[in-house]
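Thanks for coming. Please have a look at the model on the screen, and then we will go through one part of it.

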Amino acid sequence: MNNDKNRVCPVELANSLDNKIRRWLQNPQKILSPYVKKGMKVLDVGCGPGFFSVELAKMVGAYGKVYSVDLQEGMLQKLRDKIYGTPLEQRIQLIKCEKDKIVIPEKVDFILAFYMVHEVPDKDRLFATLKNFLNDGGEFLIVEPKLFHVSKKEFATTIGKAEAAGFKAAKEPRLPFSFSSVLKA
């Protein structure tokens with residue numbers, strides 16, 4: 001994959017990641033409801049401004065937890081501002097990661113990596129790390145953008161790397177303008 005594909009989406013474009021058109025095309029409730037239930041612990045890797053994190057927190061309920069991880073403090077600040085003073089503030093833990101290191105305090109039941117894996121230079125390391133975070137029987141949803149970012153061949157290579165880390169591809173949900181795969185621990 002070419003290095004341009006490994007650049008992260010800048011904070012200045014955060015508003016384009018969380019808007020009504022995207023919510024219509026990529027409705028978080030519709031996409032995530034088959035996988036996320038009340039009381040679950042969830043990891044949103046590359047959470048950006050929290051487009052999915054906020055909905056995940058609503059879905060897991062008062063006894064669930066969402067670990068929202070991003071490389072950029074500016075993205076985490078946008079999410080922090082969004083949930084400040086709401087009950088979601090207690091359900092979402094913001095975690096700044098390093099480009100080659102993610103640390104969360106406990107294992108999770110579900111991992112979401114939406115439109116971010118193509119930004120990671122060392123996918124082998126990423127998948128090995130995420131495999132260690134996922135509870136037995138847990139699920140991992142990877143979604144990557146078809147248009148201008150990831151080819152079918154590149155997505156197949158990505159899933160191959162995830163399988164080499166110990167994940168098992170279970171199904172491929174159909175999402176507009178996207179490649180996607182649900183992986184099992």
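Which helix and which strand each supply at least two residues of the lining of the second largest pocket? They are helix H7, 152-164, and strand S7, 178-184. This is a predicted model, in which local features need pLDDT of at least 70 and side-chain atom pairs count only at pLDDT 80 or more, while totals for chains, interfaces and linings use all residues. Residues are numbered from 1 along each chain as its sequence is written, and side-chain values use heavy atoms, with hydrogens and water left out. Helices (H or I, at least four residues) and strands (E, at least two) are DSSP runs, numbered from the N terminus.

The pocket, then. A pocket here is an open set of points on a 1 Å grid over the protein atoms alone, where a 1.4 Å probe fits, with protein on both sides within 12 Å along at least five of seven lines; lining residues have an atom within 4 Å of a point. The second largest pocket has a volume of about 310 Å³, a volume being the space filled by probe spheres set on the points, which are joined across faces, edges and corners. It is lined by 13 residues, and Lys146, Glu172, Ser178, Phe179 and Ser180 are the closest to its centre.

Now strand S7. Of its 7 residues, 6 are buried, meaning under 20% relative accessible area with a 1.4 Å probe, protein chains only. S7 pairs in the antiparallel sense with strand S5, residues 134-145, over 7 bridges; strands pair if DSSP finds at least two bridges between them. Strand S6, residues 168-171, also pairs with S7 in the antiparallel sense, over 3 bridges. Valine 182 is the bridge partner of leucine 141 and of lysine 171. The hairpin of S6 and S7 has 6 residues between the strands, and phenylalanine 177 there takes a positive phi near 60°.

Last, the core. A nonpolar core is a set of buried Ala, Val, Leu, Ile, Met, Phe, Trp, Tyr and Cys residues joined through side-chain atoms within 4.5 Å. The largest one has 28 residues, and Phe140 is among those with the most contacts inside it. S5, H7 and S7 are among the elements that give two or more residues to this core, and H6 gives the largest share, 4 residues. Phenylalanine 140 touches, among others, Ser181, Val182 and Leu183, where contact means heavy atoms within 4.5 Å.

Key
Buried < 20%, exposed > 50% of the residue type's maximum accessible area, 1.4 Å probe, protein only. Lists of a residue's contacts leave out its neighbours within four places in sequence.
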